[in-house]
Every structure is written in C-alpha cells, then in structure tokens.
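Open the model in your viewer and keep the selection panel at hand.

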Number of protein chains: 2
Amino acid sequence: MSDRILDPIKLLTEKGVAEIFPNSPTESLQARLSTSDRSLRIKLGIDPTRPDLHLGHAVVLRKMRQFQDAGHIAVLIIGDFTAQIGDPTGKSEARPRLTSEEVAYNAKTYFEQARKILDFDTPEKLELRYNSEWLGTLDLQVIISLLSSMTVGQMLAKEDFSERYGQGTPIYLHEFLYPLMQGYDSIIIDSDVELGGTEQKFNILVGRDLQTRRSGSVQFGLLVPLLVGLDGVQKMSKSLDNYVGLTEDPLSMYSKLEKVPDALVPRYFELLTDVDLATLPTNPRERQKLLALTITSQYHSPEAAQQAQQDAEKIVLSGNTTDLGQIPEFAVDSIAKFPVPLAYLLKASGMCSSNNEAKSQITNGGVRLDGEKIQDVDRAFASAVELAGKVLQVGKKKFLRLV
Amino acid sequence: MSDRILDPIKLLTEKGVAEIFPNSPTESLQARLSTSDRSLRIKLGIDPTRPDLHLGHAVVLRKMRQFQDAGHIAVLIIGDFTAQIGDPTGKSEARPRLTSEEVAYNAKTYFEQARKILDFDTPEKLELRYNSEWLGTLDLQVIISLLSSMTVGQMLAKEDFSERYGQGTPIYLHEFLYPLMQGYDSIIIDSDVELGGTEQKFNILVGRDLQTRRSGSVQFGLLVPLLVGLDGVQKMSKSLDNYVGLTEDPLSMYSKLEKVPDALVPRYFELLTDVDLATLPTNPRERQKLLALTITSQYHSPEAAQQAQQDAEKIVLSGNTTDLGQIPEFAVDSIAKFPVPLAYLLKASGMCSSNNEAKSQITNGGVRLDGEKIQDVDRAFASAVELAGKVLQVGKKKFLRLV
C-alpha cells in the first residue's frame, strides 16, 4: 500500500480529482481539512430527470463516499424545483417537465442506486434536501438581487454559452438563472465543498461567489474527471451506449468491463476501485479481468463476480463476440418433466417461438450450450442438475442463463 | 380650425405622436379606435423616484388626457415595487432604493402635479395601480417563464444594451428583467395601448409580445416625441437645467417660455397646447409671447398669465437678462408703518441684510422698482397701494414681487 492510500486527506484531495479551487498557499482544501474542528458539509446536486446511474456517475459518488468515510456530511440536493418547471421553451430535451410524483419516483430510484456507493445508513453523514424547499418560496426581490450579482459578459464567458452565442444559437434568458439558482442552493445549505464533474466549474464558482456576499461558509470546488466510456473515446453516457449501469446483472457488467480498452484500465482502477495502482498485474488481459472482477464484486458480491467470470469465459469459448447486454435467467426446475428434449427447452424458455423453429435452429447449428454447439435435434437432458448454471445461446445475440 | 382638430381619432393618433405600432392595413390603432365598442385601457408607467414633473412629462400626460376626453381609461401604474428594491448593485443613480413612505410621498407629489393635466375627477376614466400588487407575489416559476420568452440576442439588440455591450460597460443580469416586468404589467392590467417616450419602444414591444402568449388584449404602442429643452439642443431635463417645472410660478414659467428658441416654437405649440398651428402669429416675437401666455394660462389661469406677462415686461425694461427662476413674494401690508423708506423695505423683506447694505445698494444704483432704477437713498413710499404688484430688484439676480 502506498502512502497516498494511507493518508486520508491525500486520498480525498488527490485520488480521482481533476481540479480543486481555490488552491493557493493561503487557501487550500488540504489545509481546511487538516485544521477544521467540525465535519464539513459536502454538496452534490442531483438531477431527478435522469435517475439511471452508470459508472460515470459512480466517480463523483465514490468521492462523496470517501468524504463520508472521513467523517464529513454528504448533502444531496435533489433538483425537484427545476425538474417540475422543466424548460418553458420546450426546446431542451435535458429539461423535461416532471410531475411531483415523477420526481419522487425518480429520486427513490436514484437513491436505490446511489446507496450501492454512498453510506445511507449513518444518519449523521447524510442529508437529503429538495431545493423546492427554498426555491419554491423565493421572491422577486431575492431573484433580482441574485441576478444583479453577475454581468452579461461574465455569463457569456461560460463555455457553453460562449460557443452558442458565437454560433448564433439562441440562449434564452432563463438559462442565465440556473447557475444562480444552483449557487443559491450553496448559500442555503451552507456547503463547505461542492463536488461535480469538470463541466460544473462555472456553476460551482457562482455558488462560491454568492456565498462570499454573506457571512457563513465559502465552498471549495472539487471537480472529478469525466469517465471515458467503453468506446474509449467519448464520455460515458446512456445515449451513446458506451456505459455500464450500476444495476446491470453481474455477467453483463463483467463482460463489458473485461473489454475496457487497455489504455483506460489504470484510469478505471483509479476512479472506480480502491485497488492500489502499484499492485496491478503487468499482463494487460489479467488487468482487464481484475478490473471486471473488482467492479462487479463492488456492485454485487465476490461470489456473483466469480460466477460472472466463469459464465463469461464459457460464452467467449463459444466464439461469440457481440456485446452481451443483460442476460435473462430461466429456472430449469420450472420444467415439469425430465428428461427434457433440447427443442422443448428452447420453446418453454421463450428462446424460440415454436417447436419447429427450435428444431430448425438446432439443425442449422444455431444453438450452443455453454459455448458448445449442439446439432442433434433429438438431444435431451436427464435432470435440472445437468442444465443449471449453464448458458444457452441461440444465434449470435440471444442468451439465457439456466439457473 | 382644421379637420385634424375636429376629428378625435386623428387628434389621438396624429397630433404630437412620434410613432404608433403596429400600423398596417390589417392592424392599426385608428381602426381599433373606430370599431371598438368599449373604452380602451391606456397604460402609462410612473416612476416614483422622480416626482418633479416638467413640460417634458406634460407631453405624454397631455396625450393621455386626450384619450380620457375621448372616453378611454387612463391606467397609471406606479412602479413602487422596483423603486423599493432600487438597484442592488448601487451603480445606477436612476434607481435609488426608496422606503414605502418615500414612494407614497412621491406618488402623492406626482399626482398633485399630474392632475394639472389629467382628469382625476371622473372615477371611471382613471385607474391608479401600484405594481407591487402583482410583482411582490410573483414566484420563481412565473419569472422563469417570463425570462424564457426572450433570448440574450434579442435583449442585447435593445439600443442601450447594445451600446454598453459594445463598449464593454458591464450590464448586470437583473437589468434584463426590468423590460419583462414592465411587460408583465401590461398582462396584468390588460392594456390596449401603452404610452411612452420614444425610448420606451423596446419595453412596450416586450409587453405586446408577452400579451400575445395569453388570451386578452394585445396593446398598441403610442410613442410621443421627447421634448427638446429650453437650450434648443438637449432633451428637457431637470439635471440639464433646461426645463420648465409644472409647479413653477407664473412669472418664472412665462419668462422662460417667452425665450424658447424660434425654431422650437411650433413644436412646443403642437406638443404642449391646443392652439391650432394654422392660427399662429407670423411675427416670431409675438409667437413666443403667445406660447408663454398660453402655457402659463394652462398651468395657472389666464389672469395669472397676464400678470406674469406684465411683470416680465417690467423686468425686461430693467435690462436684466438672467434666468429668473422662481420669484418670491413679499406682502407689503405686513409693514407696520407707512410711509416706509426704501432702505427699510429692502431690509424688512430680506433683500438686504442690513440698513447699511440697503443704503449702499441704492447709492450704487443696484436697486430697481419695476425696472426703474432708484438712487435716492431717502426715497420713501406713502402706502401699500403704491407698492403692491411691483417687482423689486437688487443687483442682477435678486427679485421680489411685492403683493
């Protein structure tokens, strides 16, 4: 183990960190962490319109967990107010208008996934807040005061606004209000640190700036890197289909992760695991497998990860190289009578739509069991034990785990 | 009398009008006025931070009065909400922060002056509204919706913003909100026409645009010209000292107006009087005197105007050419004993600080009565009748009307 892992302040401020600001000899988060005599309040904004979490979201949640483990308070702010307003122009797909029921459902879904990473069980380390609590009652006087804290020029300097203004793409005035509302959240919850991806720098600086205008904490910004997706090129995102969901089944998770491009593997270890980079295997294939095994263990269990590894190896043996997605399961003891013919199993499990289609697939060499091709149309199995734990495959894309 | 004066719709839409919009074959204020089967609601915003009215303000108030006389409703909106907020940056002298007492006092002062022009006595023709009524309870959702109705590009196209942005002068974000708040006023009071100076075009268009997004009236904009001040060059304004206040005494008002540059005289007649331009005297000096007499009559009485004209002529005879300002009065029957020496009168009335100063001024030729120089240090007056109605002058700048 390296010193880095042993020193909790270094862990917080160096591992998996893109930038911390401010960072000067007179004002640094390291100094704040070592001198503070109280738990710090660590802010993270949650968008309830996109509750499907993947490993890209895990990066910042893991950073938050490290703060919890060091005794600090995770303050999660659910942006229900803006979610319920949506984008009044209807032009932004990123801002659909949600009902309060949808927000509540999405928040619940989010929490179910986030608790795989965050400590939800120690009440003094977690604070859940909904920003409608303060934004819903904000009056025009405060809004004018917030708006008066920034100039048009400062706002247009924000990277995405600057690009759009340069291209002549319309920027609607209410878009200027959102960074200020996020900043106002920081005033209300009195945050000491705000976490976010690198694209959040401007908004976090706005919050810091607003906080300096009143007495109370002035937050540091801690930015985590964006996670590159499985394609090795673009940011991990659901719409680009280069992601691993936090709730994916072990086999799917393992199978995707063991193919992470070699160049990304150390970064994935740094951002997504506790493994000391100095201890990684030198063989690239072994490193990929360790990464897949480690992350699958974290979100499921070591046993489930081991099983996923075995299943994946069987499938690889079958020569299939497509992306697996989520493999459904079929309980073989639901079959009433053994011995069971393979064709019947294919129909009963829904892999084929009829007995005839099943026989045709077998004859044409489209059916494999644990990677082994079966072309005997009369093949049958004596008992459930003979099938359980094996992966049944039809064609190149249909898989079924027999359990 | 010309047709123009006889046709009430032409009077409203042509006399003293800089621009009306929209104005197309399918949509015009003339058509609206001739087909409407109800009284129209005519909006005018009142800034309670500047309650000292002068003839520059009279232009738009006279236009409003014409609408009242034609049976329409003057809706005066007192901008108390923004006046009480002021400019949060403290950078705008035009937006000081007022208390509600100051707003109430200024509004009262404004009304006292405005009623010299508007019909305040026919309740169904006047509606006074304070915009804190609706802006004070505006919530963030509505504000976001208002902001979303315009783009940054549209706002920066507004002339004053465009200039400042081009020059790099900071524009604070809340400044973008003010035109939208003024526009929201139009929604709330359901205006059919909004009056304003030419610099109000953008704001009135914003109100029109917001109104089209809901059912109800969509206002026309009627812009009146800015009145050029007594200097003949710049907009009439108190700070440039080229103005005539609505509450100035008759002599001061007359004396200023009889010196209006000849080139401006027809415009002053058009914007500030009911006189038919076709009937104006051909002699420039006679035109100036008629202008001064007419306007002074309007704000005081024909008798007071005649008196002012006589007083002014006496002062002119004395060779004095300085700007008169407001001439104080002194009641000669407050003098206990007649005959009264001139020197005593000068001291008793405060024109000189001592008897010695008074005698010295007389000896040196600094004292005039109705323009006639008096150098006899022993001059005395037998009775109050001998003095009443005359103007006493010491030096070039001190005047006193004896009454």
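How much area do chain B and chain A bury between them, and what share of it is on carbon and sulfur atoms? This is a predicted model. In it, the two chains bury about 2700 Å² between them. Carbon and sulfur atoms carry 80% of that area.

**Stop 1: the interface.** Color by chain. Select the contact residues on both sides: 32 of chain B touch 32 of chain A.

**Stop 2: a helix pair in chain B.** Select residues 140-147 of chain B, helix α8, and residues 177-189 of chain B, helix α11. Their axes lie 10 Å apart, at an angle of about 105°. Angles of 65 to 115 degrees count as roughly perpendicular, so α8(B) is roughly perpendicular to α11(B). On α8(B), show Val142(B), Ile143(B), Leu146(B) and Leu147(B); on α11(B), show Leu177(B), Leu180(B) and Tyr184(B). These residues make the contact. By class, the contact has 7 nonpolar, no polar and no charged residues.

**Stop 3: a helix pair in chain A.** Move to α11(A), residues 174-189, and α12(A), residues 201-212. The axes come within 8 Å and cross at roughly 50°. That makes the pair oblique. The crossing is right-handed. Contact residues include Leu180(A), Tyr184(A) and Ile187(A) of α11(A), and Phe202(A), Val206(A) and Leu210(A) of α12(A). The contact of α11(A) with α12(A) has 7 nonpolar, 6 polar and no charged residues.

Terms used:
Residues are numbered from 1 along each chain as its sequence is written. Chains are lettered from A and ligands numbered from 1 in the order in which they are written. This is a predicted model: local features need pLDDT of at least 70, side-chain atom pairs count only at pLDDT 80 or more; totals for chains, interfaces and linings use all residues. Side-chain values use heavy atoms; hydrogens and water are left out. Axes are lines fitted to C-alpha atoms, for helices over the stretch in contact, and angles run from 0 to 180 degrees between N-to-C directions. Helices (H or I, at least four residues) and strands (E, at least two) are DSSP runs, numbered from the N terminus. Angles under 35 degrees count as roughly parallel, over 145 as roughly antiparallel, 65 to 115 as roughly perpendicular and the rest as oblique. A crossing is left-handed if the near helix is turned anticlockwise from the far one by less than a right angle, and right-handed if clockwise. Contact means heavy atoms within 4.5 Å. Ala, Val, Leu, Ile, Met, Phe, Trp, Tyr, Cys and Pro count as nonpolar, Asp, Glu, Lys and Arg as charged, and the others, Gly among them, as polar. Buried area is the accessible area (1.4 Å probe) that two parts lose on being put together, summed over both.
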